[in-house]
Amino acid sequence: MPSSVMPTSNMGHGDPSPVAVSTVGLRKSYGDKTVLDGIDLRIPAGSVFALLGPNGAGKTTVVKILSTLITADAGELHVGGHDLAADPQAVRAAIGVTGQFSAVDGLITGEENMLLMADLHHLSKSEGRRVAAELLERFDLVEAAKKPASTYSGGMKRRLDIAMTLVGNPRIIFLDEPTTGLDPRSRHNMWGIIRELVSDGVTVFLTTQYLDEADELADRIAVLNDGRIAAEGSAEELKRIVPGGHVRLRFTDPAAYQSAAAALREATRDDEALALQIPSGGTQRELRSILDWLDSAGIEADELTVHTPDLDDVFFALTGGTDPQPGRSSLPSQPKEAVR
């Protein structure tokens, strides 16, 4: 880990909100391979928590343990106020899980998938039909309800998958890479569904490889690397631990450029583009200082661009990844620069 990047795994742990999920010292190994090496998490109820990490980092293992699918080797684990080791059945009653791979049965209709889940939750036939009808309408699947699920698009199958997860009215939902393979429109529709769930008081534990997804949805984000939490915090907190923010001034008048370059000696010059790059955290005070200086010196920049580190920068810094192209990530993200 770069020396400039400090772990922040305890950030915000003084939050007095009710806790939906907590882990202390979560460990899991397979043979001599340690997958999770002491994971501490505290997820407030009614929030979205995103777990990021490279392939093989252990994200799915965390979800499987917290959803009682596999057991941990060690750790104090509580989900929905229940001790995972002592009362796994109570945990199962409180949660819903949507895995990476769809649980939808393509040989039966969407409605039949929903009714099957209602039976598994021991709902009466009338209650099961009522819940199924409400969820099919909520997820815009009424027209497709009588069609075999094998005919559904990827986005429709994912919506049906989550609708099936909600049959038992869980207050905590684990979504393991819920938008992988979806087109942009379906991804944005899924984001809307997640926001609606949280507005209803549901806690969402989200794993994702899409950095913009975490930035868009999550109240808190943790980066998992080599079995440990490398950093945790809000998106803005994480972005502040990575250096590299700057303000870029571009000029069309060579004389104005030379005057500014002579005065701003800390700036990095780009003589070909007639541009200066000034280290900055992008705060309002710093921007005002730069603009005031330009005004007092009678120098006019034709373009001022603010660059602040984004989750791409955080991800690569914390996981030791190699950015394949300067300024670009192999994972979708928000634009890095905003022109003022």
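This is a predicted model: local features need pLDDT of at least 70, side-chain atom pairs count only at pLDDT 80 or more; totals for chains, interfaces and linings use all residues.
## How H3 and H5 pack

Let's start with the helices. Two packed helices are described by the angle between their axes and the distance between those axes. For helix H3 (residues 110-120) and helix H5 (residues 154-165), the angle is about 25 degrees and the axes lie 9 Å apart. Angles under 35 degrees count as roughly parallel, so H3 and H5 are roughly parallel to each other. The crossing of H3 past H5 is right-handed.

On the H3 side, the contact is made by Gly110, Asn113, Met114 and Met117, which meet Leu160, Ala163 and Met164 of H5. By class, the residues of this contact are five nonpolar and two polar, with no charged ones.

## The largest pocket

If you are thinking about open space, the largest pocket has a volume of about 630 Å³. Its lining has 27 residues, and those closest to the centre are Arg92, Ile95, Gly96, Met117 and His121. Met117 also belongs to the H3 side of the contact with H5.

Helix H2 (88-94), strand S6 (95-98), H3 and H5 each give at least two residues to the pocket lining. That lining divides into 13 nonpolar, eleven polar and three charged residues.

Gly155, Arg159, Ser186, Asn189, Met190 and Ile193 line it.

The largest share, four residues, comes from H6. In terms of class, the cavity lining has two nonpolar, three polar and one charged residues.

Key: Residues are numbered from 1 along each chain as its sequence is written. Side-chain values use heavy atoms; hydrogens and water are left out. Axes are lines fitted to C-alpha atoms, for helices over the stretch in contact, and angles run from 0 to 180 degrees between N-to-C directions. Angles under 35 degrees count as roughly parallel, over 145 as roughly antiparallel, 65 to 115 as roughly perpendicular and the rest as oblique. A crossing is left-handed if the near helix is turned anticlockwise from the far one by less than a right angle, and right-handed if clockwise. Contact means heavy atoms within 4.5 Å. Ala, Val, Leu, Ile, Met, Phe, Trp, Tyr, Cys and Pro count as nonpolar, Asp, Glu, Lys and Arg as charged, and the others, Gly among them, as polar. On a 1 Å grid over the protein atoms alone, a cavity is a set of points where a 1.4 Å probe fits but cannot get out, and a pocket is an open set with protein on both sides within 12 Å along at least five of seven lines; lining residues have an atom within 4 Å of a point. Grid points are joined across faces, edges and corners, and a volume is the space filled by probe spheres set on the points.
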